[in-house]
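Here is a friendly walk through one protein chain, written for someone new to reading structures. Keep the picture open while you read.

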Amino acid sequence: MNLFEHFRERVIEALERMTEAGDLPAGAETSRIVVEPPREATHGDVTTNAAMVLAKPAGLKPRDLAEKLAARLAAFDEVAAAEIAGPGFINLRLSDAFWRARLAEILRAGPAYGGSTVGGGQAVNVEYVSANPTGPLHVGHARGAVVGDALAALLEKAGFAVTREYYINDAGAQVEALAWSAYYRYLQALGAEIDEATFAKLCPGGELQYRGEYLIPLGKALVEAYGDTLADRDDVHAEWTVKSVDAWLPTVRQFATDRMMDLVREDLAALGVKHAVFTSERALVARGGVEEVLAFLADRQLTYTGILEPPKGKLPDDWEARPQLLFRATSFGDDVDRPLKKSDGSWTYFATDVANHLDKYRRGFASMINVWGADHGGYVKRMQAAVKAITEGRGSLDVKLCQMVNLMDGGQAVKMSKRAGTFVTLRDVVEEVGKDVVRFIMLTRKNDAQLDFDLKKVTEQSRDNPVFYVQYAHARVRSVMRKAAEIFALDELTPDALTAGSLECLTDPEELALIRAMAGWPRIVESAAEAHEPHRIAYYLYDLAAQFHTLWNKGNDDASLRFLIPEERAVTLARLAMIQGVAFVIASGLDVFGVTPVEEMR
RNA sequence: GUCCCCGUAGCUCAGUAGGAUAGAGCAACGGAUUCCUAAUCCGUAGGUCGUGAGUUCGAAUCUCGCCGGGGACGCCA
């Protein structure tokens, strides 16, 4: 239960009765009424601006209106006191019984606590990672992978029907270059005497683009699968050539992209990321998806052939004005109309991506979210314009741009050189610090803010390492529960038994404050989900852990506040219920992040 | 030149469908350990929320201008 939503309904209910009683004109606009936690805890548990918002249209003074509304709110059982403050805020203090009931609710729900139905089962498509299938994922990809995955889980928890999708960019020049690079390794595996420089001259653009060693096994695998049947050898001159490109390239390209996607999937699996749907750009193009979407746009006069102004700022050397097929993006809020076809006649990436989004929309996703690297920022407007066009205003696209990750090691920037032995791949980082650490740290910043990822600091056991700090709180609870098992029978310690116990023993203000913090979790889930901001959960968990650690240490100063007091069984069981609640809420939050709560810290 | 993001304590950052006296960690300083893990906790100090206007009962939050940092700007994805 989102208690603020609960009290918002209570406020509306009270306002209706005031209208019936003639204290408020009928038809008051209630949409701007907000019920939320006060900024200052000393102001109470719940606050509302209702009186201030309604005063003007009702022709009343805010404080007069507040007096009457507060009196009605005070009559509800859950409300211990209703006070008026400042320009007309109404602050509610809730009864201790209400808070204990929240704890009981948490224990009943377990780690599922905080789940919501605000999403109403609405289908949402979250597309993330979508890296070119040309090699292993690097650290930069990890952030998008984690943000997308956590956002998907968050939306699920808030009641949306989420599909995790990966759009495979397997149709462009990049995979062409991959095929050439793979072919070089294939020839090597066959024992061909051809050096890199010689082969590079044969490649389009005269460059061998992917030179990483990860393609060596791929070359060998090609030999295993095809023998020398793909090889192109001029027997007369006994030289390797690339004359019959059309014969081998499609095969090698397919083979290579399949292998690279396997690699990507393995990398993602190491990070605990799993997509439900993989969409191939190549397949989309092959089945005429682009022609289809262009026809759709053409029918609505949204494409035309025109000449673009040269780009301002840095002008490409080879720029020349020429007519091209354009999408009328300016009709949907973009700054210029956008090209759909390249000069060689093939589709631009944008064109195929428009087709991709139409495909998603037709599969039932009016709500789409893409997670991109910040360097794709320039594409946001045009893609949103395209989504407006192809869904005729019925679909929405939110793009989460992930800023750079600065990989550090003990305060020193790790050089991102592909050749230097420094770990730059996603896999290396996961193996170095563990997937849980990577996942949590990637979510400790807003997606559009840069993030320092220090391999030393993230494994440090101190308060300034949020992963540790939150995990430590959970581990402490588990430690106490293990101790408790020496005093109590196991069936006294189940969540059900704890709920049925003497929760009324929880009377200390600090204890009730901790329960308040836990009870705030459902609101965090809903607001973070609506804002598409999973990082808020990291901050919430950190705060909850801090409150728990604080209370723990109160027991150092004042023995009567310890959780385990063997001679006071009722109090102890109530406190065990409380800390079990903390563990459940932390587990619930970590579950959204895909992080496993730990039983103990080594 | 146009567009997007950012600017909050010495440092790293929270805080936006507008709310009350702007928060946390680190660093600094002062404390707490016969105890369920002191890997923690308590306290002190630290601010023109880049800047100038506007909108209104009320602005870190919304609008506009300016300053500073980053990014993007046809035939890359």
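Helices (H or I, at least four residues) and strands (E, at least two) are DSSP runs, numbered from the N terminus.

A word on the ground rules. This is a predicted model, where local features need pLDDT of at least 70, side-chain atom pairs count only at pLDDT 80 or more, and totals for chains, interfaces and linings use all residues. Residues are numbered from 1 along each chain as its sequence is written, chains are lettered from A and ligands numbered from 1 in the order in which they are written, and side-chain values use heavy atoms, with hydrogens and water left out.

**The whole chain**

Chain A holds 21 helices and 17 strands. Its C-alpha trace spans about 95 × 65 × 40 Å along the principal axes. Of the 602 residues in chain A, 50% are buried; buried means under 20% relative accessible area, exposed over 50%, and partly exposed in between (1.4 Å probe, protein chains only). Now think about contacts, meaning heavy atoms within 4.5 Å. Among the contacts in chain A with a separation of 6 or more, 73% are between residues 24 or more positions apart.

Chain A is also divided into domain 1 (3-94) and domain 2 (462-593), with bounds that come from an automatic or database domain assignment. The C-alpha centres of domain 1 and domain 2 are 31 Å apart.

**A five-strand sheet**

Next, look for an open sheet of five strands, in the order β9-β6-β5-β13-β14, with parallel pairing. Its edge strands, β9 (277-280) and β14 (396-402), each pair on one side only. Two strands pair if DSSP finds at least two bridges between them. Strand β6 (residues 161-168) and β9 run parallel and are joined by four bridges; Ile 168 has Ser 280 in β9 as its bridge partner.

How many of the 25 residues of α21 are buried? The count is 22, so α21 is largely enclosed by the rest of the structure. Helix α21 covers residues 569-593, and at 1.5 Å a residue it should span 36 Å; the end C-alpha atoms are 36 Å apart, which agrees. (The expected span is 1.5 Å times one less than the number of residues.) Just after α21, Gly 594 takes a positive phi of about 75 degrees.

Arg 575 has its place in α21. Arg 575 is buried, with a relative accessible area of 7%, and its contacts beyond four places in sequence include Leu 506, Glu 511 and Phe 563.

Helix α15 (residues 435-442) has seven of its eight residues buried, so α15 is largely enclosed too. Among those buried residues are Asp 436, Arg 439 and Phe 440.

**The nonpolar cores**

A nonpolar core is a set of buried Ala, Val, Leu, Ile, Met, Phe, Trp, Tyr and Cys residues joined through side-chain atoms within 4.5 Å. In the largest one, of 130 residues, Phe 453, Met 518, Leu 576 and Met 578 touch the most other members. Helix α21 gives the most to this core, with 14 residues. Domain 1 and domain 2 both give residues to this core, so it lies between them. Apart from it lies another core, of 30 residues, including Trp 347 and Phe 365.

Back to Phe 453: not counting residues up to four places away in sequence, it touches, among others, Val 405, Met 408, Val 438 and Ile 441.

| Residue | Relative accessible area | Class |
|---|---|---|
| Ser 130 | 13% | buried |
| Gln 301 | 56% | exposed |
| Thr 303 | 18% | buried |

Ser 130 has a phi near 45 degrees, a positive value in a residue other than glycine. Gln 301 is not a glycine either, yet its phi is positive at about 55 degrees. Gln 301 is in the loop between α11 (289-299) and β10.

Thr 303 is found in strand β10 (residues 303-307). Which residue is 22 residues apart from Thr 303 in sequence and 6.9 Å apart in space, C-alpha to C-alpha? That residue is Leu 325. Leu 325 is also among the residues that Thr 303 touches, along with Leu 297, Ala 298 and Leu 340.
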